[in-house]
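Try each task before you read its solution.

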Amino acid sequence: MKIQQLALKSIIKNKHKIYPNLRYQQLDCCLIGYQTLLLPHCFILCHEKNEEMTDENKLIQFAQQEAHRLSQQYTKEPNNFILIISGQNVRKCDNWHLHIFIVKNRWQKAYAYQILALKNFGLSIINSFK
């Protein structure tokens with residue numbers, strides 16, 4: 001577990017949990033903001049409860065609205081973002097979550113996918129040795 005934490009800390013910087021507005025509390029969600037090298041505005045929108053969650057379609061719609069809001073806030077353009085939804089069978093925890101990357105150009109888009117690919121590949125290698 002310590003190797004995983006060290007690996008993630010080398011990629012993720014300035015991680016912080018926030019509740020930007022009342023809608024987050026109503027949906028039992030939080031927003032985790034972080035930075036990576038070359039991507040200063042990355043987020044994970046998480047549903048915090050393990051029990052039966054709010055309607056998933058409502059959460060996805062909320063996440064898309066938040067992605068537009070965050071993109072507008074950081075780039076002055078509402079559509080400069082990537083949304084990645086982790087399906088139930090491929091995520092490491094039961095809670096629903098969605099990755100939001102604010103990107104300004106194609107190389108940042110490619111970089112965001114590479115970061116996630118390296119993180120997941122590295123974690124799968126580490127977990128195979130357990």
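The exercises below go from the whole chain to single residues. This is a predicted model, in which local features need pLDDT of at least 70 and side-chain atom pairs count only at pLDDT 80 or more, while totals for chains, interfaces and linings use all residues. Residues are numbered from 1 along each chain as its sequence is written, and side-chain values use heavy atoms, with hydrogens and water left out.

**Exercise 1.** Find how many helices and strands the protein chain has, and the pattern in which they follow.

Solution. Start with the DSSP runs, numbered from the N terminus: helices are H or I with at least four residues, strands are E with at least two. The protein chain comes to 4 helices and 5 strands. Next, read along the sequence to get α-β-α-β-β-α-β-β-α.

**Exercise 2.** Classify the ring pair of Tyr24 and Phe62.

Solution. A pair of aromatic rings is described by the distance of the centres and the angle of the planes. Rings of Phe, Tyr and Trp (its six-membered ring) pair if their centres lie within 6.5 Å; planes under 30 degrees apart are stacked, over 60 edge-to-face, and the rest tilted. The structure holds 2 aromatic pairs. For Tyr24 and Phe62, the centres are 4.9 Å apart and the planes stand at 75°, so this pair is edge-to-face. Now place the partners: Tyr24 lies in helix H2 (residues 22-26) and Phe62 in helix H3 (residues 56-75), 38 residues apart, so to speak a link between distant parts of the chain. Finally, check the cover: both Tyr24 and Phe62 are buried (under 20% relative accessible area; exposed is over 50%, partly exposed in between, with a 1.4 Å probe and protein chains only).

**Exercise 3.** Decide whether Cys30 is in a disulfide or in none.

Solution. A disulfide is a pair of cysteine sulfur atoms within 2.5 Å. By this rule the count is 0. The nearest cysteine sulfur to Cys30 belongs to Cys46, 4.7 Å away, and Cys30 is in no disulfide. Cys30 is buried because its relative accessibility is 2%; Cys42 is buried too, at 0%.

**Exercise 4.** Locate Pro78 and list its contacts beyond its sequence neighbours.

Solution. Begin with the loop between H3 and strand S4 (81-85), where Pro78 is found. Its relative accessible area is 28%, so Pro78 counts as partly exposed. Contact means heavy atoms within 4.5 Å. Leaving aside neighbours within four places in sequence, Pro78 touches Ala67, His68, Ser71 and Gln72. Of these, His68 is 10 residues from Pro78 in sequence and 4.7 Å away, C-alpha to C-alpha.
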